[in-house]
Amino acid sequence: MIGFDVDPAKVSQLNANQRTSPTSGIEAGPIRHLRSEKRSNFRRLSDPDCIIICVPTPLTLKKDPDLQYIENTAQAISKTLRAGQLISLESTTYPGTTDEILLDLFKKSGLEAGRDYFLVFSPEREDPGNARFSTRTIPKVVGGTTSSCLELGVSLYQQIIDKVIPVSSTRAAELVKLLENIYRAVNIALVNELKLLTDRMDIDIWEVIEAASSKPFGFTPFYPGPGLGGHCIPIDPFYLSWKAKEFDFSTRFIQLAGEINTSMPHYVIEKVGAALNDRGRSIRGTSVLVLGVAYKKDVDDVRESPSLEIMKLLSERGAEISYSDPFIPKLHKMREYDFSYMSSEPLTENTLRTKDLVLIATDHSTIDYQWVVDHSSLVVDTRNATPGRPQRT
Ligand SMILES: NC(=O)c1ccc[n+]([C@@H]2O[C@H](COP(=O)([O-])OP(=O)(O)OC[C@H]3O[C@@H](n4cnc5c(N)ncnc54)[C@H](O)[C@@H]3O)[C@@H](O)[C@H]2O)c1
């Protein structure tokens, strides 16, 4: 097994000390024999028989697919592509990417897919922080450019995955992943919208969801929150919306879900303003501790985290912001936010007491929220983390 990465720090970490893993959730043990190559050694891409591509697929600032990472990787592979190689794209993307970018580019090598080399798409499925599943036990979908591509793709993944599900094309496999994430984005938007309504109607949405979850069929609970986060659900649906335009088609559910979900941080700010107003105060000049900046509980990932948008909105309104998160000791500059001057404050009684307001933005399991409530003067809880409330089943 050889790893290839353009990030020299990751490559050095893997090569220098095989006892640490650069990725939380992946133990060092199984990857201790992994050899990694940096960009200057990418000619070694001709060595492996199988190449699995897992590069990022973000959005541009205008919310269009940013395919530069797939394109650069495809360029690098095309320089050394040889007969007998199997290439599998795993990055989440719109239907057609494997054919339109990889297949098209690889044609220039004179090699033919399905005869000389083999091309598949197989979406990555991970749920960071979820200990109930491992890579082996999460079923894997594969689609091939030709039937022999599919056959080889299935036999690759069958070595390491308990259940492999073949589909008829790479485009179908690409859409499988998008459907999974659109399903989550739309359902989360639905409960977020109901949260806004039930707040006005003075009905507790958490109590309603818990009771509805007692239905043994036809209902899957989703929960409201401060907004979508992570590298998948806030991003992937827009890959399909973008592609749909080519077919003169407007993906209305996706757009609506996007509108509702991206409005949630603004709703949180409204609640913070209202809570302070009740005490005769305003956001300006108030010290706010944002508790949890990871995009979800028990992970060390801040990508697309709604906490960052909330922090931005609070600072724009003149709040003195700080944060505490045991998983994120320091913040780094990101495309849309620069809180690189901030480090996590230790979560102590003194920290809580000296803040005017504590905003629970992520519900990490290691934090005692009763203790937080006991030592804070004012708490706004966006995750239903504080005790004494209907809890998730
Ligand atoms: N992480 C997950 O849980 C998860 C789950 C499902 C799907 N995905 C999808 O998998 C893809 C990768 O996500 P990730 O979270 O692993 O991203 P990541 O940013 O953590 O890792 C991607 C790596 O690719 C490297 N890279 C970028 N360009 C490269 C190039 N040209 N050649 C070699 N390496 C290059 C980066 O340096 C980085 O180390 C995305 O499409 C994402 O949507 C991720």
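This is a predicted model: local features need pLDDT of at least 70, side-chain atom pairs count only at pLDDT 80 or more; totals for chains, interfaces and linings use all residues.
**Entry 1: helix 7, who is buried**

I started with helix 7 and listed its buried residues: Asp-236, Pro-237, Phe-238, Tyr-239, Leu-240, Ser-241, Lys-243 and Ala-244. Buried here means under 20% relative accessible area, exposed means over 50%, and partly exposed is in between (1.4 Å probe, protein chains only). Helices are DSSP runs (H or I, at least four residues), strands are E runs of at least two, and both are numbered from the N terminus.

Residues are numbered from 1 along each chain as its sequence is written, and side-chain values use heavy atoms, with hydrogens and water left out.

Eight of the 10 residues of helix 7 are buried, so the helix is largely enclosed by the rest of the structure. I looked up the cover, and it includes helix 3 (97-107), helix 5 and helix 8.

**Entry 2: Lys-245**

Buried or exposed, I wondered about Lys-245? Lys-245 sits in helix 7 and is exposed, at 54% relative accessible area.

**Entry 3: helix 7 on helix 8**

The axes of helix 7 (residues 236-245) and helix 8 (residues 252-278) come within 10 Å and cross at roughly 140 degrees. That makes helix 7 oblique to helix 8; under 35 degrees would be roughly parallel, over 145 roughly antiparallel, 65 to 115 roughly perpendicular, and the rest is oblique. Axes are lines fitted to C-alpha atoms, for helices over the stretch in contact, with angles from 0 to 180 degrees between N-to-C directions.

From helix 7, Pro-237, Phe-238, Leu-240 and Ser-241 make the contact, and from helix 8, Ile-254, Gln-255 and Gly-258. Contact means heavy atoms within 4.5 Å.

I then traced an open sheet of five strands, order 3-4-5-6-7, with mixed pairing. Two strands pair if DSSP finds at least two bridges between them. Strand 3 (50-53) and strand 7 (164-167) are the edges, each with a single partner strand, so one side of each has no neighbour in the sheet. The twist averages 25 degrees from one strand to the next.

Strand 6 (residues 140-144) and strand 7 run parallel and are joined by four bridges. Gly-143 stands opposite Val-167 of strand 7.
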